[in-house]
Amino acid sequence: SWPPASATTTSTDSSTTFLDPLTLETREATLTRRRSVVGVDSLVRGADAVLVSTTIVDPAGSVVIRQRWSAVQDRFTGTAIDSPANIEKVTSFNGSGDAVEGERRLVDVQGVVVRFPRNTQPVTYRRWDPETSRTGMARFVRRDRLAGKDVLVFQQAESAPAAGSEAGTYSETTMWVRPEVGGVVKTDTHLTVRTSGGVTILDANFVDSANSVMHASTDVDRVVARARLTGDVIPILVLVLGVVTGIAAALEGGAGWFTRRLCRGRDRSQANN
């Protein structure tokens, strides 16, 4: 399954335009985006559940945007499975003005979620975009090399309309995918968030750091090596052990047959004497 355990990805944008949550003024700064994906227990047979947390902070550490959601995906294809576990965390404010965190069901999670199918093909896949909470098309654009390994590059885009138009979240994402397990080892995401009044809360292009890419590639290498060990090496060792055991049994049987014949010969000789 993928991810094998948990992974944290860090990405930055050096020229981000965002709405400062403290001053409520638009300014530019370097924002850091941290995204963690954790595999959790799933009650659905043949499926994995993932918990994804994304936080964007400014240079002072203040949170600009926070997102937390979970979903269930097929263990082999990475395709979303309808489940009560498909939820997102939402924050509302009570009568006293205090922030209260609750849960809201994600009812339309379709397509691949956090990974592509094993043996990913250079074709178009339906993919659920967590940035926009909508399903779109991740289109294959080219083959590439990343961290010394072959990857497939996909792009999914729902471009933002002109400034001052309707509210919403829009993203254009490029993904570098290791086809062996369908693991996304690098992303480049242009994210735009607007309010109902046409105010831009965020306009940023986040690119995964080189360190995050290397860690993700190493995780895939480990999974591939483990799969080859259990799929190729161990069955061969079992086969060799079976052959050796069979030969030993045959030799033991032959030796027993020869010993019995020899004993019978001796018994006849003694009887005749």
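Which residues do ring pairs link into a cluster? They are Phe116, Tyr125, Phe140 and Phe154. Keep in mind that this is a predicted model.

In total, the structure holds five aromatic pairs. How do you describe one? A pair of aromatic rings is described by the distance of the centres and the angle of the planes. Here are two of the pairs:

| Pair | Distance of centres | Angle of planes | Kind |
|---|---|---|---|
| Trp69 and Trp128 | 4.9 Å | 70° | edge-to-face |
| Tyr125 and Phe154 | 5.9 Å | 65° | edge-to-face |

Planes over 60 degrees apart count as edge-to-face, so the 70° between Trp69 and Trp128 puts that pair in this group. The 65° between Tyr125 and Phe154 does so for their pair too.

Now, where do these rings sit along the chain? Trp69 belongs to strand β4 (residues 63–74) and Trp128 to strand β8 (residues 125–129), so their pair ties together parts that are 59 residues apart in sequence. Trp69 is buried, with a relative accessible area of 3%, and Trp128 is buried as well, at 2%.

Tyr125 is also in strand β8, while its partner Phe154 is in strand β10 (residues 149–158). That pair links distant parts of the chain, 29 residues apart. Buried or exposed? Both Tyr125 and Phe154 are buried.

One last thing to spot is a charge over a ring: Lys186 lies over the face of Trp176, at 4.6 Å from the ring centre.

Conventions. Residues are numbered from 1 along each chain as its sequence is written. This is a predicted model: local features need pLDDT of at least 70, side-chain atom pairs count only at pLDDT 80 or more; totals for chains, interfaces and linings use all residues. Side-chain values use heavy atoms; hydrogens and water are left out. Rings of Phe, Tyr and Trp (its six-membered ring) pair if their centres lie within 6.5 Å; planes under 30 degrees apart count as stacked, over 60 as edge-to-face and the rest as tilted. Helices (H or I, at least four residues) and strands (E, at least two) are DSSP runs, numbered from the N terminus. Buried means under 20% relative accessible area, exposed over 50%, partly exposed in between (1.4 Å probe, protein chains only). A charge sits over a ring if NZ of Lys or CZ of Arg is within 6 Å of the ring centre and within 35 degrees of the ring normal.
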